[in-house]
Amino acid sequence: MDALQDAARSKDAARSKDAARSKDAARSKDAARSKDAARRQARGWARVAKRLEMKSIALALSAPIAWSFLEPHRLVVRRFDVAMDDLPAPLDGLRVAQLSDLHCSAITSSSVVRRAVQTCNALHPDLVVLTGDYVSRRNSYSHLTLARQWARPLMQYAAAMADEVRHLRAPQGVFAVAGNHDYAEGSFDAIRDALEQAGIQTLVNQNVVTSSGLPLVGLDDLRAGHPDAGRAFSQVAADEPHLVLSHNPRVWPLVQERLCLLLAGHTHGGQVHLPGTNFRRKPSDMRHSALIEGWSASGRARLYISSGIGSVHFPMRFNCPPEIAVFTLRRPA
Ligand SMILES: [Fe+2]
């Protein structure tokens, strides 16, 4: 009897153990399943986060890239009063508008130049000056664009440019100097002819006196031409207030002893200026120069570098819109 009871107890104990083992196994399986589910869920969230991150990066990059294609069409007008010692009374209040780097080309259409001309005329300046680069030489188009293939012969752009700038109006005249791109076909002569036929007087190492009595000096381009300060400044005294035009701002040391306002272009203000950085796209001869845009001063000489109107390499600008600068000459207070 006892033996039978012991056997029954052993069986019960074994059953209990089996049941406990089964429960443990089931719990382990449940725990493993939960862990797998949690891992799958975590991987899912990671994928979602990655996708969101990629989308955010794409969005963050695409907005400024899209904007940089629009900015070449956002023409701004910058106005400055320029006090000049010994300025004769008739010149007090004289308004000079500067348009630079028109770059009529496969990537800057003549409609951009037209708008600049219309805007300039609406400002009613007394005098208009153009500081070079009326067209773009073929090798200035980036390899990343098809513009080099599309580009028409340079003189077709010169003719289109001249058809627009002939509408510039200023009672004391429109004057121009050469830029490095204007020498793309070996000399400035053909573009000079197009400008002269459009009623614009070109100054290549020459000076004139405007109808109001302001001496105006034009230097040849430093990079592609032959600036000759001796000829350009002949009969213009260093201590009489005068205006100097040069495409390239690196002529600045030539005029720092003079009482003058030097107006230059060439740099496009960098054309692309990444905010919070020093990055600006610079012409190859300006890589180590601090003269990129805006004002510099030395003694009684002042330099202004325009950001220009057109674009080179890409039809893009960023944080550096095209500009017309208007200077009002003033006698010191
Ligand atoms: Fe230029």
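Gln 206 stands opposite Gly 218 in strand E7. This pair belongs to an antiparallel pairing in which four bridges join strand E6 (residues 206-209) to strand E7 (residues 215-218). Strands here are DSSP runs (E, at least two residues) and helices are DSSP runs too (H or I, at least four residues), numbered from the N terminus; two strands pair if DSSP finds at least two bridges between them. E6 and E7 make a hairpin with five residues between them, and Gly 213 in the turn has a positive phi of about 100°.

Before going further, please keep in mind that this is a predicted model, in which local features need pLDDT of at least 70 and side-chain atom pairs count only at pLDDT 80 or more, while totals for chains, interfaces and linings use all residues. Residues are numbered from 1 along each chain as its sequence is written.

Now turn to strand E9 (residues 260-264). Five of its five residues are buried, so E9 is largely enclosed by the rest of the structure. A residue counts as buried if 20 or more other C-beta atoms lie within 10 Å of its own, as exposed if 12 or fewer do, and as partly exposed in between, with C-beta atoms placed from the backbone. In a regular strand, side chains alternate between the two faces of the sheet. On one side of E9 you will find Cys 260, Leu 262 and Ala 264, and on the other Leu 261 and Leu 263, all buried. E9 pairs in the parallel sense with strand E8 (residues 242-245) over four bridges, and His 242 stands opposite Cys 260 there. With strand E11 (residues 301-305), E9 also pairs in the parallel sense over four bridges; the bridge partner of Leu 263 in E11 is Tyr 304.

Another sheet deserves a look. Six strands form an open sheet with mixed pairing, in the order E1-E12-E2-E3-E4-E5. Strand E1 (76-83) and strand E5 (201-202) stand at the edges with a single partner strand each, so one side of each has no neighbour in the sheet.

What about the core? The largest nonpolar core has 67 residues, and Met 161 and Leu 245 touch the most other members. Such a core is a set of buried Ala, Val, Leu, Ile, Met, Phe, Trp, Tyr and Cys residues joined through C-beta atoms within 7 Å. Helix H4 (residues 154-165) gives the largest share of this core, seven residues. Beyond its neighbours within four places in sequence, Met 161 is in contact (C-beta atoms, placed from the backbone, within 7 Å) with Leu 102, Cys 104, Ser 110, Val 113, Tyr 134 and Val 135.

Finally, step back to the whole chain. The protein chain has seven helices and twelve strands, and is divided into domain 1 (1-73) and domain 2 (76-330), with bounds from an automatic or database domain assignment. The centres of the two domains, taken over C-alpha atoms, are 68 Å apart. Seven residues from domain 1 and nine residues from domain 2 take part in the contact between them. Along the principal axes, the C-alpha atoms fill a box of roughly 140 × 50 × 35 Å. Buried residues make up 38% of the 333 residues.

Methods. Two residues are in contact if their C-beta atoms, placed from the backbone, lie within 7 Å.
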